[in-house]
Amino acid sequence: MRIAGLHWRQVEEALARDDRAVVPVGSTEQHAFLSLATDSILSERVAAEAAEPLGVPVFPALAYGVTPSFMAFPGTLSLRFATFVEVVRDLLDSLAATGFRRILIVNGHGGNIAALGMAAE
């Protein structure tokens with residue numbers, strides 16, 4: 001179930017039954033002739049399709065990642081490593097503060113791997 005289509009009371013009802021959540025993570029960067037949002041689109045799609053039969057809420061994808069090596073391509077947006085770590089930590093803290101305890105991050109961008117590991121510690 002995609003959070004984007006729900007209001008807070010529906011999320012509260014789902015949370016009363018299950019404390020799981022999925023957070024897709026991607027990036028906005030060049031992908032040859034594909035969309036700049038390919039990593040975010042794919043991570044959210046995979047997350048939504050996997051979670052739907054289980055009724056687990058899927059949050060909108062974090063569309064920005066660590067992509068400094070693609071900055072020569074117009075439209076690429078990159079976060080600093082430390083900024084990305086803090087954004088992910090803030091998101092995880094927010095989920096935990098509202099009752100989510102089992103959180104899966106679905107990553108669609110290789111450049112995020114090290115920072116996600118640090119954020120999850």
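The largest cavity in this predicted model has a volume of about 40 Å³. The structure holds 1 cavity of 30 Å³ or more. Helix H3 (residues 81-97) and helix H4 (residues 113-120) have axes that come within 9 Å, and H3 gives the most to the lining of the largest cavity.

**Cavity lining**

- The residues that line the largest cavity are Val23, Val25, Leu62, Val88, Leu91, Leu92 and Ile105.
- By class, this lining has 7 nonpolar residues, with no polar and no charged ones.
- Strand E1 (20-25) and H3 each supply at least two residues of the lining.
- The contribution of H3 to the lining is 3 residues.

**Packing of H3 and H4**

- The axes of H3 and H4 cross at roughly 45°.
- H3 is therefore oblique to H4.
- The crossing in which H3 passes H4 is right-handed.
- On the H3 side, the residues that meet H4 are Phe81, Phe84, Val85, Val88, Arg89 and Leu92.
- On the H4 side, the residues that meet H3 are Ala114, Ala115, Leu116, Met118, Ala119 and Ala120.
- The residues of this contact divide into 11 nonpolar, no polar and 1 charged.

Conventions: Residues numbered from 1 in each chain as written. Predicted model: local features only at pLDDT ≥ 70, side-chain atom pairs only at ≥ 80, totals over all residues. Heavy atoms only, no water. Axes fitted to C-alpha atoms, helices over the stretch in contact; angles between N-to-C directions. Helix = DSSP H or I, 4+ residues; strand = E, 2+ residues; numbered from the N terminus. Parallel < 35°, antiparallel > 145°, perpendicular 65-115°, else oblique. Left-handed = near helix turned anticlockwise from the far one by under 90°. Contact = heavy atoms within 4.5 Å. Nonpolar A, V, L, I, M, F, W, Y, C, P; charged D, E, K, R; others polar. 1 Å grid on protein atoms, 1.4 Å probe; cavity = no way out; pocket = protein on both sides within 12 Å on 5 of 7 lines; lining within 4 Å. Points joined across faces, edges and corners; volume = space filled by probe spheres on them.
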